[in-house]
Amino acid sequence: MGTEQVKNLIEILEENVGIDMGKYIKYVQAPQCGAIATFSGTTRDTFEGKTVLELRYEAYLPMAIRRIKSICSSARSAWSLDSIAVAHRLGPVPVGETSVFIAVSAVHRDPALDACKFLIDEIKASVPIWKKEVYTSGEVWKENSEFLERRHELGKSVYDLVGRVCGVSEVEVGDQRKKGCCAMKVKVDSGAAADSCNTGALVE
């Protein structure tokens, strides 16, 4: 991008605040851009035959913001992009509502589409945001398959935060890997997770 200003908007939203997709699409719009690629991650109503009531998200906020910023920088190094917007909710996200939204603008569609996929894959793999899936029959913490594939590469720093930030005293990881966005199940045997994170935003 040379001396041009890098235009990123990164927001981790407080509990019960929905994602205004139009806001982020508007942020990345530019007259020189012929493409805007978006991704919306939405709570679905079933998982492996179980009825899902909602998802609940917690985060280690300072590291999450820094990591998303780094991912955006990597995307800009790989593709010619104009603007990037990333938003992620915390707290409960009911069925049908969006938990994460990404918008990327570029002159042409290929870099916008490729960068958008890269961003969500990397966010799932390396950003310390944790998800609890709440069913009619119970609830479990879930780890993304991308995170499981990368946790040895990332080291213990992010992985160990699950126990420290989310108030988990005992964690059981299933021994069978399954297809889909959430490969292994993590069962939390302690009580309610600690409310230990704040919300934040980064605009560049």
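**A helix, then the strands**

Modeller: Start with helix α2, where the buried residues are Leu61, Met63, Ala64, Ile65, Ile68, Ile71, Cys72, Ala75 and Arg76. Keep in mind that this is a predicted model. To read such a list, recall that an α-helix has 3.6 residues a turn, so residues three or four places apart point the same way.

Next, take strand β5, made of residues 83–89. Of its 7 residues, 7 are buried, so the strand is mostly covered, given that buried means under 20% relative accessible area. In a regular strand the side chains alternate between the two faces of the sheet. In β5 one side carries Ser83, Ala85, Ala87 and Arg89, the other carries Ile84, Val86 and His88, and both faces are covered.

What does β5 pair with? Strand β1 (residues 7–13) runs parallel to β5 and is joined to it by 7 bridges. One of the residue pairs here is Ile12 with His88, its bridge partner in β5. Strand β7 runs antiparallel to β5, with 6 bridges between them. There, Ile84 has Val104 as its bridge partner in β7.

Strand β7 also takes part in a contact between rings. The structure holds 2 aromatic pairs. One of them is Tyr24 with Phe101, with ring centres 6.4 Å apart and planes at 45°, which counts as tilted. Tyr24 belongs to helix α1 (residues 21–28) and Phe101 to β7 (residues 98–106), so this pair ties together parts that are 77 residues apart in sequence. Both Tyr24 and Phe101 are buried.

Two lysines sit over rings as well. The charged end of Lys7 is over the ring of Tyr27, 4.8 Å from its centre. Lys50 lies over the face of Tyr135, at 5.1 Å from the ring centre.

Last comes confidence. The average pLDDT of the protein is 79, and 68% of the residues score at least 70. Over residues 161–198 the pLDDT stays under 50. The model does have 80 contacts beyond four places in sequence for residues 161–198. Still, where pLDDT is low, the predicted coordinates should not be read in detail.

Technical notes: Residues are numbered from 1 along each chain as its sequence is written. Side-chain values use heavy atoms; hydrogens and water are left out. Rings of Phe, Tyr and Trp (its six-membered ring) pair if their centres lie within 6.5 Å; planes under 30 degrees apart count as stacked, over 60 as edge-to-face and the rest as tilted. Helices (H or I, at least four residues) and strands (E, at least two) are DSSP runs, numbered from the N terminus. Buried means under 20% relative accessible area, exposed over 50%, partly exposed in between (1.4 Å probe, protein chains only). A charge sits over a ring if NZ of Lys or CZ of Arg is within 6 Å of the ring centre and within 35 degrees of the ring normal. pLDDT is the predictor's confidence in each residue, from 0 to 100. Contact means heavy atoms within 4.5 Å. Two strands pair if DSSP finds at least two bridges between them.
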